[in-house]
Amino acid sequence: MPHIKLQLGCLLVFAYILWIYLKDMRQSRILCNPWFDLLLIVAPWAIVFDGVTAWTVNQPALVPAWLNLTLHTFFFITMDLTIIFSMLYMWHISVGLPEKPLRRQPAYRALITRDYLMNVKNAAPMHDIGKIAIPDSILQKPGRLTAEEFEIMKTHTVRGGEILRETFRHLDEPDYIEIAYETARYHHEKWNGKGYPEGLSGEAIPLHARVMAIADVFDAVSAKRCYREAMPPETCFAIIENGAGEDFDPALAALFLAEKEQIIRLCENQRQN
């Protein structure tokens with residue numbers, strides 16, 4: 001026992017990490033990482049062989065030399081693999097580019113970096129910040145907006161972009177500021193040019209705003225509102241599918257629809273939490 005106290009402690013830490021990882025995976029808080037999965041397979045064996053060899057090396061009378069050598073060989077192999085997988089995992093999360101369908105599209109390959117994805121992720125929750133400038137009587141109206149009220153509602157895109165640009169003007173992150181500004185200002189533009197505030201069409205709409213347009217509509221129809229109940233998932237996906245090529249970038253809509261199962265799982269977890 002004195003020879004394996006450290007290894008037992010390491011196994012307990014490993015068990016805790018594994019429990020957190022599996023729990024967050026089940027709740028869709030994190031995505032599967034192949035290098036981390038391999039690390040979870042190899043690392044405990046390295047710890048076990050370390051503990052075993054710590055005992056066998058001190059028991060020459062009980063353990064044959066060939067067995068001791070074999071166990072040490074397995075220890076070194078698993079330890080080397082643990083180090084290799086750890087390095088590959090750290091490379092993957094810090095340097096490597098995301099292995100996503102959109103990243104494999106030639107038109108987006110140069111644009112979609114980890115910094116870009118992080119900026120979009122951080123900017124997305126603020127896309128509707130301009131609604132703080134819209135009267136509650138319009139935001140909370142239980143029925144259809146009048147033409148005049150809708151014109152006022154449409155100004156939240158312009159106001160949102162202005163608010164974000166002004167708020168972050170001293171931030172030394174020009175790429176993030178621009179992405180946040182464009183996401184707020186252009187997320188109601190439509191692929192066919194019939195959106196607002198500027199009537200942009202096609203790829204003239206920034207990529208992040210095109211992505212936000214799909215996410216925003218899906219979120220709006222799948223969530224309960226003061227004037228209606230949440231729509232079922234099948235209806236929500238049908239809205240995105242029917243809007244492809246008209247309201248939404250058809251390529252992005254196809255990629256979104258290809259991830260139906262994961263999106264449904266994320267929505268269910270969000271409702272539960």
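**Surface patch and cavity in a predicted model**

Mentor: In this predicted model, a nonpolar surface patch is formed by Val13, Tyr16, Ile17 and Trp19, whose accessible area together is about 440 Å².

Trainee: Why is isoleucine 17 called partly exposed?

Mentor: Its relative accessibility is 39%. Buried means under 20% and exposed means over 50%, with partly exposed in between. The value for isoleucine 17 lies between these cut-offs, so the residue counts as partly exposed.

Trainee: In which element is isoleucine 17 found?

Mentor: Isoleucine 17 belongs to helix α1, which covers residues 5-26. The protein comes to 11 helices and zero strands.

Trainee: How many cavities of 30 Å³ or more are counted?

Mentor: The count is one. The largest cavity has a volume of about 40 Å³, and its lining consists of Glu189, Trp191, Ile205, Ala209, Arg210, Ala213, Asp247, Phe248 and Asp249.

Trainee: Why does the lining of the largest cavity divide into five nonpolar, no polar and four charged residues?

Mentor: Ala, Ile, Phe and Trp count as nonpolar, whereas Asp, Glu and Arg count as charged. Trp191, Ile205, Ala209, Ala213 and Phe248 are therefore the five nonpolar residues. Glu189, Arg210, Asp247 and Asp249 are therefore the four charged ones.

Trainee: What share of the protein is buried?

Mentor: Of the 273 residues, 34% are buried.

Note on methods. Residues are numbered from 1 along each chain as its sequence is written. This is a predicted model: local features need pLDDT of at least 70, side-chain atom pairs count only at pLDDT 80 or more; totals for chains, interfaces and linings use all residues. Side-chain values use heavy atoms; hydrogens and water are left out. Patches are made of residues with over 30% relative accessible area and no salt bridge: like charges are joined within 9 Å, nonpolar side chains (Val, Leu, Ile, Met, Phe, Trp, Tyr) within 5 Å. Accessible areas come from the Shrake-Rupley method with a 1.4 Å probe; for residues, only the protein chains shown count as cover. A salt bridge is a side-chain nitrogen of Lys or Arg within 4 Å of a carboxyl oxygen of Asp or Glu. Helices (H or I, at least four residues) and strands (E, at least two) are DSSP runs, numbered from the N terminus. Buried means under 20% relative accessible area, exposed over 50%, partly exposed in between (1.4 Å probe, protein chains only). On a 1 Å grid over the protein atoms alone, a cavity is a set of points where a 1.4 Å probe fits but cannot get out, and a pocket is an open set with protein on both sides within 12 Å along at least five of seven lines; lining residues have an atom within 4 Å of a point. Grid points are joined across faces, edges and corners, and a volume is the space filled by probe spheres set on the points.
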